[in-house]
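Here are my notes on the model, in numbered points. Have it open in your viewer while you read.

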Amino acid sequence: MKERSFALFLLALFLFLFPVSLVVPSPLGPWGLPPLYLYLYGSWGLVVLLALLLFHRP
Amino acid sequence: MNPLLLLLSLFLYLGLLFLVALLGEGRGRFLVQSPWAYTLSLAVYATAWTFMGSVGRAAMEGASFLPIYLGPTLVLLLWPFLHEKLLSLARAHRLTSWADFLYLRFGHGLLGPLAAAFLVVGLLPYLALQLKAIAQAFLFLRGEEEPLTDIALPTALLLALFAILFGTRRLDPSERHQGLVLAVAFESFVKLLALLLVGGVVLWQLGNPFPRVQGHPELLPLLLPQEGLTGYLEWASLMVLSGLAFLFLPRQFHVSVVENTDPRHLHLAAWAFPLYLLFINLPVLPLALWGRLLLPEGNPDLYVLALPLELGSAPLALLAFLGGVSAATAMVVVESLALSILISNHLLSPLLLRFRALGSLLLWRRISILAVMLLAYLYFRLAGEAYALVAMGLISFVAVAQLAPAGLLGLFWKGATPQGALAGLLGGIVIWAYTLFLPALARSGWLPSFFLEGPHPLLSPEGLLGIRGLDPVTHGFLASLTLNLALTLGVSLFTRREALQEERTGEVEELAALLRRVLGPEAEESFRHQARALPGREAAGLAETLLAGSVGPATAKLLLLSVTREAPPEALREEVEEAARESRELRAYAQALEEARKELAEAYERLKALDQAKDELLAAVSHELKTPLTAVRALAEILEANPDLSEEERGRFVSLLAKETARLSRLVEEILAYTRLQAGVPLARSPTDLRALAEEALALVEPLARERGITMESHLAGVQALTDRDRVLQVLLNLLHNALRHARSRVRLELTLTNREALFRVFDDGPGVPPQARALVFEPFQSFSGGTGLGLFLARRLVESLGGRIWLEEGEGATFAFTLPLEVEHEDSGGGR
């Protein structure tokens with residue numbers, strides 16, 4: 001459990017600290033939505049999903 | 001909006017909180033045990049600053065509100081390293097705060113009080129911010145902005161009452177407060193629901209704000225990442241800062257560690273709490289953008305309330321108000337409780353001990369809650385709209401983060417020393433005050449501008465070493481934490497690691513008496529139960545842990561000094577423990593030897609008795625055999641020597657010869673029966689008609705009775721039994737022969753059924769058994785009438801082998817009685833005991 005949680009922490013750290021300014025050239029992207037927030041909420045949701053799969057015990 | 005309606009809603013909501021807490025203390029306890037309640041209680045992290053301030057921050061600075069929630073998400077992913085370890089430590093040592101941990105880990109008397117006092121100073125403005133949020137929201141909805149009326153005061157007093165009622169029932173703060181936790185979980189649910197509803201309705205009615213933003217170039221930067229290295233540094237710093245705050249805030253320690261009922265709840269919280277944070281942040285950006293678009297002149301911190309009003313939905317605005325109130329009140333209650341525990345355990349209890357007033361500690365803890373609340377209110381009234389209040393949220397976070405180097409290095413690095421921890425904490429506090437706290441006061445006009453500029457450009461409070469471009473919070477955070485960490489590491493590396501603390505040992509009785517005096521009889525009983533099998537040193541440690549949870553670690557140590565003595569040093573202790581262990585083993589060995597010696601002695605005595613019994617038996621048998629054999633021999637010699645004896649004389653001698661031979665034969669039969677018993681021949685159980693068996697016995701002895709002129713009488717009930725037929729018959733014959741031998745004219749045999757047993761009684765009208773012989777009648781070879789002396793002995797052994805009892809009754813003549821169970825349940829061959 002410790003190894004997997006640490007690996008997920010590293011992944012989350014990478015996603016949350018990724019310099020998004022390098023890949024987000026404009027404030028609004030496809031469908032008129034801001035790519036910065038799509039990326040942040042998307043990566044946050046992915047981390048939550050992975051944590052659910054990793055830690056959840058029925 | 002009608003102020004009366006607002007006021008009524010506010011107090012109704014606070015009343016509802018009391019009801020929820022009462023439910024948690026009573027029938028709703030099972031709800032508190034749920035991992036969902038634990039997860040929702042963690043959301044006390046999201047304060048009014050989240051509920052209203054996040055939208056304000058997003059409206060002014062864009063995405064910089066998000067790292068405040070990404071940080072806790074990151075920290076919670078590390079729960080197997082952090083929270084699990086903390087929970088284990090807290091359970092073992094009854095920790096109630098990080099200050100307790102620092103004292104426990106480093107044993108330095110200054111660390112606990114310093115951390116406690118610093119946290120109180122650092123977090124008071126943060127509490128004031130919550131009161132301000134309630135007052136400001138109330139004023140906004142009733143349509144006034146100045147002056148700030150005193151709605152905050154009754155709210156603060158009610159919340160203090162709530163914290164006192166549901167957080168300080170007992171002295172031991174490490175006990176769980178179910179009502180408090182359920183109320184906090186309920187509030188977390190309310191604020192999430194309120195914000196999602198407000199966001200949903202605004203989006204539903206106003207639509208997607210992003211296309212509209214294209215027409216407002218001043219809003220486009222809000223949708224872009226912060227630029228440059230400084231922007232990136234601020235983003236990363238804020239994430240680390242909020243993560244550390246999530247771990248080290250007193251209220252977070254309280255709900256995540258002290259109130260945890262089951263460590264397995266972390267499995268759910270590790271993903272569900274980040275999901276909660278994700279959900280509560282979803283409406284933030286749309287609300288911020290619609291606020292900027294529709295209310296460009298409004299206060300961004302109040303967009304959550306203003307947008308529903310703009311849409312003409314007063315009920316939604318009221319719901320938003322209650323959401324903000326719930327966010328503020330949960331934080332205020334738990335934080336004030338956590339701070340009061342810090343104050344009472346680390347600052348007040350040593351003083352109370354000195355003035356011999358420790359018994360009033362619970363009262364002082366309650367007074368502390370009230371004092372914290374009133375101080376927060378006072379700060380809010382004095383600061384008002386000043387910068388010192390507005391910016392205090394993050395400045396408080398930076399204050400809390402100063403515990404991180406000592407706390408984390410203390411948890412994971414054995415080399416951390418008390419001197420290092422103290423130096424780091426002091427350095428961090430000084431830099432925090434210099435770069436953040438004092439400039440904030442100066443910016444509010446409470447201190448001269450010197451505190452904003454510093455004595456030298458290189459020592460500028462908001463630009464140490466000439467650093468420019470960073471916002472003050474990031475700058476202060478990085479500067480204070482860097483120095484703190486460097487001092488903790490550096491001083492630890494250059495100071496010798498001493499033994500943590502001198503260990504004490506004491507007697508359980510004295511320790512229990514101390515616990516009774518300080519904590520009451522329940523604690524004493526619990527201690528006695530746990531310390532029953534503990535050696536003195538561990539008992540003293542347990543007593544210290546129990547005391548530390550209630551009166552703080554430093555006071556607990558002082559209290560223990562009076563009833564304990566210094567334990568032997570480590571090296572010596574090992575030898576002492578080794579000697580004690582060997583001594584215990586030796587005593588156990590000696591005891592085992594003594595028991596073995598006793599068993600051997602008893603076995604020897606038994607053998608000796610058996611041997612003696614065997615000799616006596618042989619002597620008795622020889623004697624018994626010798627008498628008839630002598631008679632037989634004499635009669636045979638007479639018959640051989642006198643061939644001319646008359647027929648009459650010869651017949652008399654032959655009759656005597658036959659009689660003696662019969663006696664010999666009976667004797668041999670009884671000895672054989674005795675040896676069979678001794679050999680342990682198993683029972684041969686079969687369904688037996690006891691009346692028929694008694695009649696058979698009577699028929700067998702009838703010739704002898706007739707010969708002796710004795711009348712045989714009987715009264716036999718019909719009884720069936722599962723027993724050994726031959727043994728019962730043998731008993732009856734032995735008793736009847738014995739009766740016939742002593743009877744004058746009458747022998748009576750009775751068989752009755754009593755209490756699921758068959759009862760036989762054999763009565764004769766002879767002289768009876770002399771009193772001095774009554775105790776010996778069932779012993780072997782104890783004949784008083786010329787018998788073999790084995791008949792009654794065999795009868796007793798046979799009856800006992802069949803599970804019955806035999807005895808001699810009192811009265812005229814002699815009456816032997818014996819019982820037989822209707823079914824022989826146990827297997828006893830009768831081979832001796």
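1. Starting with the interface: 31 residues of chain A and 29 residues of chain B take part in the contact, where a contact means C-beta atoms, placed from the backbone, within 7 Å. On the chain A side, helix 1 (2–17) and helix 2 (35–55) each bring at least two residues to the face that touches chain B. Helix 2 of chain A gives the most, with 11 residues. Helices here are DSSP runs of H or I with at least four residues, strands are runs of E with at least two, and both are numbered from the N terminus. By class, the chain A side has 24 nonpolar, 5 polar and 2 charged residues. The nonpolar class is Ala, Val, Leu, Ile, Met, Phe, Trp, Tyr, Cys and Pro, the charged class is Asp, Glu, Lys and Arg, and the others, Gly among them, are polar.

2. Some housekeeping before going on. This is a predicted model, with local features needing pLDDT of at least 70 and side-chain atom pairs counting only at pLDDT 80 or more, while totals for chains, interfaces and linings use all residues. Residues are numbered from 1 along each chain as its sequence is written, and chains are lettered from A and ligands numbered from 1 in the order in which they are written.

3. Chain B as a whole: its secondary structure comes to 33 helices and 11 strands. If you take the chain B contacts with a separation of 6 or more, 78% of them join residues 24 or more positions apart.

4. Have a look at helix 13 (residues 250–258) of chain B. Here 9 of the 9 residues are buried, so helix 13 of chain B is largely enclosed by the rest of the structure. The buried residues include Arg251(B) and His254(B), as well as Phe253(B) and Val257(B).

5. Next, two helix pairs in chain B. Helix 17 (residues 314–354) and helix 18 (residues 361–383) of chain B pack at about 130 degrees with their axes 8 Å apart; axes are lines fitted to C-alpha atoms, for helices over the stretch in contact, and angles run from 0 to 180 degrees between N-to-C directions. That makes helix 17 of chain B oblique to helix 18 of chain B, given that under 35 degrees is roughly parallel, over 145 roughly antiparallel, 65 to 115 roughly perpendicular and the rest oblique. Among the residues making this contact are Leu337(B) and Ile341(B) of helix 17 and Trp364(B) and Arg365(B) of helix 18 of chain B. By class, the contact has 11 nonpolar, 5 polar and 1 charged residues.

6. The other pair is helix 8 (residues 111–142) and helix 9 (residues 152–167) of chain B, whose axes come within 9 Å and cross at roughly 130 degrees. Helix 8 of chain B is therefore oblique to helix 9 of chain B. Leu131(B), Ile134(B) and Ala135(B) of helix 8 meet Ala152(B), Thr155(B) and Ala156(B) of helix 9 of chain B. The classes here are 5 nonpolar, 1 polar and no charged residues.

7. Now the sheet. Chain B has an open sheet of 5 strands in the order 6-8-9-11-10, with mixed pairing; two strands pair if DSSP finds at least two bridges between them. Strand 6 (711–716) and strand 10 (806–809) of chain B stand at the edges with a single partner strand each, so one side of each is left without a neighbour in the sheet. The twist averages 15 degrees from one strand to the next. Strand 10 and strand 11 (residues 814–821) of chain B pair in the antiparallel sense over 4 bridges, and Ile806(B) stands opposite Phe818(B) in strand 11 of chain B.

8. Helix 31 (residues 690–708) of chain B packs on this sheet, touching strand 6, strand 8 (746–754) and strand 9 (757–764) of chain B. Its direction makes about 175 degrees with that of strand 6 of chain B. Helix 32 (residues 725–742) of chain B lies across strand 8, strand 9 and strand 11 of chain B, at about 20 degrees to strand 9 of chain B.

9. Finally, a backbone check: which residue other than glycine has a positive phi, near 55 degrees? That is Arg94(B), in the loop between helix 6 (83–93) and helix 7 (98–106) of chain B. Arg94(B) counts as buried, with 23 C-beta neighbours inside 10 Å.

How values were computed
Two residues are in contact if their C-beta atoms, placed from the backbone, lie within 7 Å. A residue is buried if 20 or more other C-beta atoms lie within 10 Å of its own, exposed if 12 or fewer, and partly exposed in between; C-beta atoms are placed from the backbone.
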